[in-house]
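Dear colleague,

Please find the structure below, handed over together with an account of what was found in it. I would be grateful if you read the notes with the model open beside them.

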Amino acid sequence: MNQENITVRHLTKYYPVTAGVIFSKTVGQVKAVDDISFSIPKGGTFGLVGESGSGKSTTANLMLGLEQPTAGEIIFSGKDISQLKGKAFFEFRRNIQAVFQDPFRSLNPRKKVKQIIAEPMIVQKIGTRAERLKRVAELMDLVGLNADRADQYPHEFSGGQRQRIAIARALSLSPETIILDEPVSALDVSIQAQILNLLIDIQKNLNLTYMIISHDLAVVEHVSSHVGVMYLGKLVEFATRDKLYSNPSHPYTQALMASVPVADPEMIRESVLEGEVPSPMNPPPGCTFNPRCPECKPECREKPPFGKEISPDHWVSCHLY
């Protein structure tokens, strides 16, 4: 678990904001991801949490090579993926795949299941038609689907079954890493645990590395070995799962933990987060969390904090430390 599978260094993604129709000019930048760094150990699961608009999905798109970073590096198997071109990038894409949030939209409704699962192999020119069909049957069995249903279409399956199809498709190229963007949020609660346990079993059997993006702290706790917390494009806390959940240290992480519903109807929790998330185009000076932070000091409004290691495998970006 000590070998790093992916290392992200000072990753930044800004989107220009323009004004004008004929003579457009850049009037600002949306700081979607703002100088974040972390590592994912081989065979581990890195959970990335935060509110909507914090930059989680943009981070995933950068790591998949779907977007180019403004600055920074994403080191995968010793190479910076933002510098890969042509054949090298094509080979990289074999080793990192994705499972998206909505299985109702991520599967082509006009294609049969066997075509959906085999498509990555066709694109990568892997195997003969017979070998691909055999692989499809193996993958359907691996994710708990009857291979006899390979000729059916996505609309003939339930939401949980469709997500199993999406997982099978992601596994078709035998990748080293899978990025899971809210993989269970569109599913019924009764199905979520089934899919999460399936992902855990597959990871153990195939020694996969996962990165899971979620706003659900319970989901992240269930599957992750390491957890990062994002706020307004910044990574504000990073730790092993046990350390983060037993000792949340950044005020934002503490607020997220306090907002998790509890089963006891007698226990009423008051939200400690007030106000709205500031615009990523015009973030506040100093610490970006300072307008909503109950621990805010004058220093927090003046200069941005830097990451500090408060214990082994646990660092936080906050002036309190």
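E182 is located in the loop between β7 and α6; helices (H or I, at least four residues) and strands (E, at least two) are DSSP runs, numbered from the N terminus. This is a predicted model, in which local features need pLDDT of at least 70 and side-chain atom pairs count only at pLDDT 80 or more, while totals for chains, interfaces and linings use all residues. Residues are numbered from 1 along each chain as its sequence is written, and side-chain values use heavy atoms, with hydrogens and water left out.

At 9% relative accessibility, E182 counts as buried (under 20% relative accessible area, with exposed over 50% and partly exposed in between, for a 1.4 Å probe and protein chains only). Its backbone deserves attention: most residues other than glycine have a negative phi. E182, although not a glycine, has a positive phi of about 50°. D35 is also a residue other than glycine with a positive phi, near 60°. D35 belongs to strand β2 (residues 25–41) and, with 42% relative accessibility, counts as partly exposed.

How do two packed helices come to be described? The angle between their axes and the distance between the axes are used. Helix α5 (residues 159–171) packs against helix α6 (residues 189–206) at an angle of about 20°, and their axes are 10 Å apart. Axes here are lines fitted to C-alpha atoms, for helices over the stretch in contact, and angles run from 0 to 180 degrees between N-to-C directions. On the α5 side, the contact (heavy atoms within 4.5 Å) is made by G160, Q163, R164, I167 and L171. From α6, the residues include I191, I195, L198 and I202.

Helix α5 is largely enclosed by the rest of the structure, because 12 of its 13 residues are buried. Among the elements that cover these buried residues are β6 (96–99), α3 (113–123) and α4 (129–142).

Finally, D216 is found in the loop between β8 (209–214) and α7 (217–223). At 29% relative accessibility, D216 counts as partly exposed. The C-alpha atoms of D216 and E156 are separated by 29 Å, and the two residues are 60 residues apart along the chain.

Yours sincerely
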